[in-house]
Amino acid sequence: MVPPNPFDVFAIQNTIALYCLALDTKDFARLHHVFTPDVETIYPFGGKREGVQSVADAIQKRLSPVSSQHALTTQHILLAPDGQSASATTYFTGIHFGKGKWEGKEVSAWGKYTDTLTLMSEGEADLPGASGRWRISRREVTFMGRLGEEGVMDGE
């Protein structure tokens, strides 16, 4: 058995962070660099979805009436012994800022991402020294709490 590559942990952190950057910049095409093509997700606001484009479309629709800032905090990553997959639990906070009639209002959500990541065989590593490109193949989002004006998510 080959020992785990410590650069893979950094590559996984970068993949998870890229998700937040994609959402906050509304560059939803970047989600193709976060998820596997056949990703399976479970979101509190949209239920179960399969396929990266389906997930990207749902997130784009959900975030269209707001601007946002997502931050990652506590994280635990465990690489599989074979180095081909990993599990990660990451706490997040997302602040959603209203527009239009909701200007000046916000709703915050906090919770955790529970991810399974897969080492992709094709292409170069996203991070020099990593074993390859890490992508999320399964994600479950759990809200631990929400606070603020929920109406901002509905838009005008």
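K26 is partly exposed, with a relative accessible area of 32%. Here buried means under 20% relative accessible area, exposed means over 50%, and partly exposed lies in between, with a 1.4 Å probe and protein chains only. K26 sits in the loop between helix 1 (6-25) and strand 1. Its phi is positive, about 60 degrees, although K26 is not a glycine.

This is a predicted model: local features need pLDDT of at least 70, side-chain atom pairs count only at pLDDT 80 or more, and totals for chains, interfaces and linings use all residues. Residues are numbered from 1 along each chain as its sequence is written, and side-chain values use heavy atoms, with hydrogens and water left out.

R30 lies in the loop between helix 1 and strand 1. R30 is partly exposed, at a relative accessible area of 29%. Leaving aside neighbours within four places in sequence, R30 is in contact with L18, L21, A22 and T25. Contact means heavy atoms within 4.5 Å. R30 and A56 are 26 residues apart in sequence; C-alpha to C-alpha, they are 9.1 Å apart in space.

**Overall build**

The protein chain has two helices and six strands. Their order from the N terminus is α-β-β-α-β-β-β-β. The radius of gyration of the protein chain is 16 Å, close to the 15 Å that the globule rule gives for 156 residues, so the chain is as compact as a globular protein of that length. That radius is taken over C-alpha atoms, and the globule rule is 2.2 Å times the number of residues to the power 0.38. Helices (H or I, at least four residues) and strands (E, at least two) are DSSP runs, numbered from the N terminus.

Along its principal axes, the C-alpha trace of the protein chain spans about 60 × 25 × 25 Å. Buried residues make up 42% of the 156 residues. Of the contacts with a separation of 6 or more, 62% join residues 24 or more positions apart. The accessible surface comes to about 8200 Å², and 54% of it belongs to carbon and sulfur atoms. Accessible areas come from the Shrake-Rupley method with a 1.4 Å probe; for residues, only the protein chains shown count as cover.

The protein chain carries 15 positive and 19 negative charges, and their mean positions are 5 Å apart. Lys and Arg count as positive, Asp and Glu as negative; His and the chain ends are not counted. Each charge is placed at NZ of Lys, CZ of Arg, CG of Asp or CD of Glu.

**Strand pairing**

Two strands pair if DSSP finds at least two bridges between them.

| Strands | Sense | Bridges |
|---|---|---|
| Strand 1 and strand 2 (residues 47-50) | antiparallel | four bridges |
| Strand 4 (residues 85-98) and strand 5 (residues 106-120) | antiparallel | 13 bridges |
| Strand 5 and strand 6 (residues 133-148) | antiparallel | 14 bridges |

Strand 1 and strand 2 form a hairpin with three residues between them. T93 has W110 in strand 5 as its bridge partner. For T114, the bridge partner is E140 in strand 6. In a regular strand, side chains alternate between the two faces of the sheet.

**T41**

T41 is found in strand 1 (residues 35-43). Its bridge partner in strand 2 is R49. T41 counts as buried because its relative accessibility is 1%. Not counting residues up to four places away in sequence, T41 touches F35, G47, K48, R49, V55 and R139.
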